[in-house]
Amino acid sequence: MLSYWTGVATLTGIYLIATLGVSILVGFTGLFSLGHAGFMAIGAYGTALAVKMLHLPFYAAILVGILASMLAGALIGKATLRLKGDYFVIATLAIGECTKLLIENIPSITGGARGLADIPRKTNFFVVWTILVIVVVLLHRFLNAKHGRGCVAVREEELAAKSIGIDTTRTKMLSLLISCALCGMAGGLLAGYMGYLYPIMFTMAKSNELTMTVILGGAGSLTGTILAGLVLIPLPEYLRIESAEEWRMVLYGVLVVIVVVFKPSGLMGNKEFTVSGLLRRLKKWFSKEKRNGEKGAGERG
Amino acid sequence: MSCAASLSVEHLTKQFGGVVALNDVTFEVKPGEIHGLIGPNGAGKTTLFNLITGIYRPTEGDLKLNGQSLVGKESHEAANMGIARTFQNIRLFGELSVYQNLITACQKHLSYSLLDGFLRTAKYRQQEREIAELTERTLKQIGLWDLREQMAGNLPYGQQRRVEIARALVTDPQLLLLDEPAAGMNEEETGKLSEFIRSIQEQYPVTILIIDHHMDVIMSICDRITVFNFGSLLAEGTPEEIQTNEAVIEAYLGSE
């Protein structure tokens, strides 16, 4: 039973790394994506094939996966990020679907729909969560530096971002590459943890989950993404009682509707969750309570 | 600190298909002056701003900042050469605080790399400290320090204008373009704005080019004024000269 929950936690960690990548792109830079599971697939198959065919050690192979994913990102970014309008979203949709179709249709290399098995299992809970913590620290630093602030400026008001000297196309490309690198890495870790890969692990539904988790957590909040990820990614496991799993998408839908109606900016909005912020909130709340109490007492007197 | 720049507009023409927005316009903005740009709606004033800031490319002619051509520069390159602007319809980073709006605009003063940011090197810390000081100084000078925590999009209109100007100022511009800063303001507010713009020119070494329809603002603060009509230059001169210029009066009020 314990090993079961360790497994759930490990997978949650892996998908959280991918979700954080999508958070930088969708949440902080304001570029919508419908195909980031495709970048995960490229990372996963890149890693697995580098191990199986090139006989690289696992961590060098992950690097191959990351680079392959970034290369795919650079190609669609180069083609679409300069354009105004929805071209980028369409391109991400295309890359998500094309990757899956390509994997299914080159069975000699990828194993096709039957999958790719016998990948050496080299990752575990500790490796994944150590990487996750490092990723969170690095992203936090990124967002508090020049380049991260540039991303937020592009999301908020592109023309104004240009007018203060930000190269918006480059900034978008950087954000896309970071998201591709993280999704690629998550894919590689997935390959190394599961030991096998199937194309149906990387469907459009998975892409939507990644983007949806970011939006539910609050676009523009790293802690929001983490909180939403910790709740939503292991959701199918909580619901594994009888056939409740099938209700997962229904629950997702209900959650989206609830958030859109009651808190359109997501769980955390664009604010970060901090201990000092929480204390400040509590203090404010208590002093209000106290004031109300005193007022009540005064009226009675 | 940079010094105020000169701007020369030389035979500038901009056509959108068959529409001639600007037709062979030539004039000069001298370093350190407040230069007004007026004319009826559709005269091509904002088009000129968009040409200067690289949003549009001129069809013909040249634009020079301190003798250096601006033609073919992207918006962000123009900004890095020392041109800052505000927009006719305010464009703030609405969901960020006033402080974050300004600190984001300090981009130009930061030369550290992506890696420096990840590792928080000495270079990163040093430069971040510098822009924090610059932001604090600017907010205090402009009188926005008390509002620094407020979300920019929630501020009243007049304050948003000030934040937008402050954001332009932290980029350390040599040429500041103000596109209708007094739009939608009442008499009292425009009076304050005039004082504010004059105080900017006293505190910062910057050339200001201002578009507005409020004649009281333009006449009271501008050193020189250029008048446009239907994309062409109609008149140029000091406020006194413009007020008595018959061609200008005719364009605005019609002839007898």
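# Briefing on a predicted two-chain model

A search of the whole structure finds ten aromatic pairs over all chains, where rings of Phe, Tyr and Trp (its six-membered ring) pair if their centres lie within 6.5 Å, and planes under 30 degrees apart count as stacked, over 60 as edge-to-face and the rest as tilted. Tyr4(A) and Trp5(A) are edge-to-face, because their ring centres are 5.0 Å apart and their planes stand at 65°. This is a predicted model, in which local features need pLDDT of at least 70 and side-chain atom pairs count only at pLDDT 80 or more, while totals for chains, interfaces and linings use all residues; side-chain values use heavy atoms, with hydrogens and water left out. Residues are numbered from 1 along each chain as its sequence is written, and chains are lettered from A and ligands numbered from 1 in the order in which they are written.

**Aromatic pairs**

- Tyr4(A) counts as partly exposed at 30% relative accessibility (buried means under 20% relative accessible area, exposed over 50%, partly exposed in between, with a 1.4 Å probe and protein chains only).
- Trp5(A) is also partly exposed, at a relative accessible area of 37%.
- In chain B, Phe27(B) and Phe228(B) form an edge-to-face pair, with 6.1 Å from centre to centre and 80° between the planes.
- This pair links distant parts of the chain: Phe27(B) sits in strand S2 (residues 19–29) of chain B and Phe228(B) in strand S9 (residues 224–229) of chain B, 201 residues apart (helices, H or I with at least four residues, and strands, E with at least two, are DSSP runs numbered from the N terminus).
- Both Phe27(B) and Phe228(B) are buried.
- Phe125(A), Phe126(A) and Trp129(A) are linked into a cluster by ring pairs.

**Chain A overall**

- Chain A has 14 helices and zero strands.
- The radius of gyration of chain A is 21 Å, which agrees with the value near 19 Å that a compact globule of 301 residues would have (taken over C-alpha atoms; the globule rule is 2.2 Å times the number of residues to the power 0.38).
- Along the principal axes, the C-alpha atoms of chain A fill a box of roughly 85 × 55 × 30 Å.
- Of the 301 residues in chain A, 51% are buried.
- Contacts between residues at least 6 apart in sequence join residues at least 24 apart in 80% of cases in chain A (contact means heavy atoms within 4.5 Å).
- Chain A has an accessible surface of about 14,900 Å², and 68% of it belongs to carbon and sulfur atoms (Shrake-Rupley method with a 1.4 Å probe; for residues, only the protein chains shown count as cover).
- The 29 positive and 17 negative charges of chain A have mean positions 9 Å apart (Lys and Arg count as positive and Asp and Glu as negative, with His and the chain ends not counted; the place of a charge is NZ of Lys, CZ of Arg, CG of Asp or CD of Glu).

**Helix H11 of chain A**

- Helix H11 (residues 222–232) of chain A is mostly covered, with eight of its eleven residues buried.
- The buried residues of H11(A) include Leu222(A), Ile226(A) and Leu232(A).
- The partners that the buried residues of H11(A) pack against include helix H1 (2–28), helix H6 (125–143) and helix H13 (248–262) of chain A.

**Chain B overall**

- Chain B has ten helices and ten strands.
- Chain B is as compact as a globular protein of its length, because its radius of gyration of 19 Å is close to the 18 Å that the globule rule gives for 256 residues.
- Buried residues make up 52% of the 256 residues of chain B.
- In chain B, the mean positions of the 22 positive and 34 negative charges are 10 Å apart.

- Asn23(B) belongs to strand S2 of chain B and is partly exposed at 38% relative accessibility.
- Leaving out residues up to four places away in sequence, Asn23(B) touches Leu12(B), Thr13(B), Gly231(B) and Ser232(B).
- Thr190(B) lies in helix H7 (residues 187–203) of chain B and is buried, with a relative accessible area of 3%.
- Asp172(B) has a positive phi of about 60° although it is not a glycine, and lies in the loop between helix H6 (157–169) and strand S7 (175–179) of chain B.
- Glu180(B), in the loop between S7 and H7 of chain B, has a phi near 50°, a positive value in a residue other than glycine.
- At 22% relative accessibility Asp172(B) is partly exposed, whereas Glu180(B) is buried at 10% relative accessible area.
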